[in-house]
Amino acid sequence: MYVCSCFGVTEQQVKQHAEDGACTPRQIASACKAGTDCGGCVRRIQALLGRGSCPRRELADQGRSPLTGVANQPAPVRVAAEAA
């Protein structure tokens with residue numbers, strides 16, 4: 001079924017982009033242009049994405065980097081050496 005008739009984007013394509021990591025309508029738009037013309041499909045895209053279905057958001061909630069999956073660590077503190 002078509003979600004975006006302006007660009008011929010199907011529900012299956014939106015779901016595939018979501019599985020590939022697109023978590024928001026804006027990220028879906030970047031992947032396939034859906035929602036960038038008339039905007040009539042944006043609510044349907046939001047419904048397909050649902051809440052909590054974003055793997056990157058889940059990583060961030062766990063304190064891990066959404067880009068690498070590695071635990072976020074505080075930046076090292078640098079102390080200036082005293083002049084002797």
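Biologist: Why are helix 1 and helix 3 called oblique to each other?

Modeller: Their axes come within 10 Å and cross at roughly 50°. Angles under 35 degrees count as roughly parallel, over 145 as roughly antiparallel, 65 to 115 as roughly perpendicular and the rest as oblique, so the pair is oblique. This is a predicted model, where local features need pLDDT of at least 70 and side-chain atom pairs count only at 80 or more, while totals for chains, interfaces and linings use all residues. Residues are numbered from 1 along each chain as its sequence is written, and side-chain values use heavy atoms, without hydrogens and water.

Biologist: Which residues meet between helix 1 and helix 3?

Modeller: Glu11, Val14, Lys15 and Ala18 in helix 1 meet Arg44, Ile45, Leu48 and Leu49 in helix 3, where contact means heavy atoms within 4.5 Å.

Biologist: What makes Glu11 buried or exposed?

Modeller: Buried means under 20% relative accessible area, exposed over 50%, and partly exposed in between, with a 1.4 Å probe and protein chains only. Glu11 has 19%, so Glu11 is buried.

Biologist: How do you know whether Cys38 and Cys6 are bonded or too far apart?

Modeller: A disulfide is a pair of cysteine sulfur atoms within 2.5 Å. The sulfur of Cys38 is 3.7 Å from that of Cys6, its closest cysteine sulfur, so the two are too far apart for a bond. Cys41 is in no disulfide either, with the nearest cysteine sulfur, in Cys4, 4.0 Å away. The structure holds 0 disulfides.

Definitions and conventions: Axes fitted to C-alpha atoms, helices over the stretch in contact; angles between N-to-C directions. Helix = DSSP H or I, 4+ residues; strand = E, 2+ residues; numbered from the N terminus.
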